[in-house]
Amino acid sequence: MIRRVSGLLLSLWLLGATGCPATTPPPAVAGGQRAGARPAPTTAPALYIDPATVDFSRNPALARRLKGSAHAYFRFINPNFCREVCRRFRAEVRTMPSLNLHGDPHMEQYAVTSLGRGLTDFDDSTTGPGIVDLVRFGVSARLVCQARGWTEHTHRTLDAFFDGYRQGLVKPKEVTDEPSMAARVRQGFTPDRAAFYSWVDSLMKPLTVDRAELEAGIARYAAQAHKQQPDLPAGFFTVSRLGSLQQGVGSALDEKYLVRVQGPGPGPEDDVVLEVKEVRPPSGASCVNRTDMDPFRIMVAQSRLAYRPYRFLGYMRQGRRMFWVHEWMQLYKQLDIHKEKYLKTVEDLMGVARDVGLQLGRGHANQIAAPLEDQVRQRQLELVNELEPRLRQTIKEMAADTLVSWELFKSKM
């Protein structure tokens, strides 16, 4: 379905056409331009990234993943996407409240752990108008409906998302049941620490930076962590093993490291696994906070948006580069839209959409304007009620733009 629809969209864009081409070509004129022909487009679609501008040699698997999935391409283009949302709503955002933004909410950011569930990966977190998150997740939901053959349920899926968002705004303290998909995934967890450590070790690649310098940065992070949690054993953050990490899609080209530290006991079965991720600049979009390398925007957003923030959340500095740090949990599964065990039915999809809406509705205004949060929530609720038809239309158009751009991206690889 995606290939048929996106191929048609690409053809229309390449032709510059809004209707059917003429059945009889008009006569040729000087220079090879046919009389009455539309001029060829001079600019690429807003969501297109030229593969020639990306150094895929650093992560060859990323190129294959982007070529194979429209949703993977969608994940990769978040900076362009955010800028386009701001452009489309440039008049309205001037009077919108500035909220806590996840910055990149999509279906595959939804994770289930032994302790809870919800959106994860806060690398693009910042502050700005809530529509940035709403459109971003809405397009993800629409692309997933197309990928799974559930296009007739797109409207219902967005209904669930917006209903959850409103509930989160109106009743931010209300306890709700987790989606059936999350409960099912958690029931399948099988604790096996040896297998977990073996998997972590397999992900560690040779370092391309000075190990001593990296360990010195980890030691500085550990000193702060001990101040926050003085009951931790003195050797808790002693490094036992570390390596570079090449994972993700949107963050696939970011500098990342995996670190095994001693944890509560000296035995390897007590090791704690930390991920150290370089702070990347936000999208540069006109309507969001564009503070560049501040790790606290990630840490603050996570503490306000996550159902349960990561353990050992902190940061470290390496020269002029900033990194944020968090723990990897052993019992953790991130949703994969292509695997049926996560999305067996469209009801599973709708359950996740509603839960994400609820999380964003709760978190967008959380501590953003205390003690005036109720006023912020009311204003955001009014905006959503007013703009929902336009938001849905924007979601539809930007999903189509994503497919066009993906087809063009593939054609250039």
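Helices, taken as H or I runs of at least four residues, and strands, taken as E runs of at least two, are DSSP assignments numbered from the N terminus. On this basis the protein chain of the predicted model holds 12 helices and 10 strands. Of its 413 residues, 53% count as buried, and the accessible surface of the chain comes to about 19,300 Å², with 52% of that area belonging to carbon and sulfur atoms. Among contacts in the chain with a separation of 6 or more, 75% are accounted for by residues 24 or more positions apart.

Within this arrangement, strand 9 spans residues 321–328 and pairs with both strand 7 and strand 8. The pairing with strand 7, which covers residues 272–278, is antiparallel and extends over 6 bridges; in this part of the model, V273 has W328 of strand 9 as its bridge partner. Strand 8, formed by residues 314–318, also runs antiparallel to strand 9, to which it is joined by 5 bridges, and here Y315 stands opposite W324 of strand 9. Strand 8 and strand 9 form a hairpin with 2 residues between the strands, in which G319 takes a positive phi near 65°.

The burial of strand 9 was considered next. With buried defined as under 20% relative accessible area, 7 of the 8 residues of strand 9 fall into this class, and the strand is therefore largely enclosed by the rest of the structure.

Notes. Residues are numbered from 1 along each chain as its sequence is written. This is a predicted model: local features need pLDDT of at least 70, side-chain atom pairs count only at pLDDT 80 or more; totals for chains, interfaces and linings use all residues. Side-chain values use heavy atoms; hydrogens and water are left out. Buried means under 20% relative accessible area, exposed over 50%, partly exposed in between (1.4 Å probe, protein chains only). Two strands pair if DSSP finds at least two bridges between them. Contact means heavy atoms within 4.5 Å. Accessible areas come from the Shrake-Rupley method with a 1.4 Å probe; for residues, only the protein chains shown count as cover.
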